[in-house]
Amino acid sequence: MVIEAAAALSSKDLVGIAPLEAGEIQLLLDTAEQLLEVARRPIKKVPTLRGMTVINLFMEASTRTRFSFEVAEKRLSADTLNFSASTSSVSKGETLFDTARNLMAMAPDFIVIRHPNTGAPHRLAHVVTASVINAGDGSNEHPTQALLDAFTMRRHFGDLAGLKVVIAGDIRHSRVARSNAFLLSKMGAEVRFVAPASLLPPGVQELGVKPFLRLEPALEGADVVMMLRIQMERQKRMNFPSAREYFDFFGLTPERLKLANEGALVMHPGPMNRGVEIDSEVADGDQSVILEQVTNGVAIRMAILYLLAGGRSDAATDS
Amino acid sequence: MTNHIGNHGKLVQVLDQEGIKRTIARMAAEVLERDGEDILLVGIHTRGIPIAHRLAQALEATTGRPTSVGLLDITLYRDDVGPWRPAHSQPVLKRTELPSSIDDRVIYLVDDVLFTGRTIRAALDTLVDYGRPRAVRLVVLVDRGHRELPIAADVVGKTLQTDRNEDVQVRLSEVDGEEGVWFGKEGVDGH
């Protein structure tokens, strides 16, 4: 399956993977490939977005995604403003629309938003002229994470088509799993979801993935094993007896990893619960690309900013 | 000076394959005379790169020693990307590959056509983010005039007197599958 990169992104926003065409994903990955190099220079900064303003609107806790966006913005010379739920007027009861209208009065070019509610970035995108980038909305999508995961896989395997990717853990609450399922199936990879029945979302087949209730059979022939964090804060009623028991059945141990293909990649979007979903020996082992994911995340976010800064139109001209 | 018929329409050919070869050999001799062999050639995407490689070959033919060639993509430093670009898709990024250090080196930037000088401005800005060269020089296959910035080439293969709206086409086998330099009025199969 050969996927031609699109000439441009078709929307002013990146609200999810679902609305993207395969060619747009290819363009994002190709662009990130070239931007990786900026991090290896003595001066890790290019002037491309100077004079542009980015508002990072984080209505939900985040460390690595927020830092990653901020590093990406700074490496492209954009000016950044950070709003977080705890310190902004949102905690004083302001609605998203009022916040958005106020933010637009400051004339930003981009709004990066993380929000506990599904669809918040989509609604924001309709009411503002700035480009909106979804940094995670509820249990819906986390498109930049899926892109950086795919980028990491592509850098190791050369191509996404035909890869067998296991995603195991708290699938039900995971926007990472959803975005990855959308992206990987668009690019021709096979996705296998593994979770106890209580942590599999309803309608999982509609995402085009194969569900498994046990880790072992899913690992057979796998090229990538992506472990998701058990989201303790979202387990209002316990979906499994204990963290210990979860590890016994679903934790990625060195023995279980041997069931996957030789040289299979171990991935985790972080933060990890060592000893719950992943054994320390695996997390720190040769097959782990967890820290590479973090490095690649900056390049992916730079690529998104770069491509959205161009606006929407026909092909680029070279001079 | 043939009138090339076919896919170049009414463009006038000013260099053919043999002409390009001779021109590059002469450019290499000028480079050598100026700065000796301890230099770094840095080709600017897209057609600066094959020209840099050919210059390196020509230099090696004389000195018997290889000359390193770097690649430079200036896109992130262009003055028409980012907020100033009027709502168009962004240019495709290409690979930059320079030796570990360019500090204290004599660098020859290599490009196909020198026109407004804006590409070279961007190239200079890109280079200084990688280090502090001892000197940066500019070598181009064609200088067609109409500078918009105070930039001049040190070594020029061919100077063309052109109108501003004329089209100059450098075609190289590595990129275009054919060899030659043409120019003429635009609108005749421009690219």
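You're looking at a predicted model, where local features need pLDDT of at least 70, side-chain atom pairs count only at pLDDT 80 or more, and totals for chains, interfaces and linings use all residues. Residues are numbered from 1 along each chain as its sequence is written, chains are lettered from A and ligands numbered from 1 in the order in which they are written, and side-chain values use heavy atoms, with hydrogens and water left out.

The theme is salt bridges (a side-chain nitrogen of Lys or Arg within 4 Å of a carboxyl oxygen of Asp or Glu). There are 26 of them over all chains.

**Stop one.** Select A:E216 and A:R256, whose side chains form a salt bridge at 2.8 Å, N to O. A:E216 sits in helix α7 (residues 215–219) and A:R256 in helix α9 (residues 254–257) of chain A, so this pair ties together parts 40 residues apart in sequence. Helices here are DSSP runs (H or I, at least four residues), numbered from the N terminus. A:E216 is partly exposed at 24%, while A:R256 is buried at 13%.

**Stop two.** Now grab A:K74 and A:E70, bridged at 2.9 Å, N to O. Both belong to helix α2 (residues 64–75) of chain A, 4 residues apart, or about one turn. A:K74 is partly exposed at 38%; A:E70 is buried at 16%.

**Stop three.** Jump to B:R54 and B:E174, with closest N and O atoms 2.6 Å apart. They link distant parts of chain B, 120 residues apart.

Conventions. Helices (H or I, at least four residues) and strands (E, at least two) are DSSP runs, numbered from the N terminus. Buried means under 20% relative accessible area, exposed over 50%, partly exposed in between (1.4 Å probe, protein chains only).
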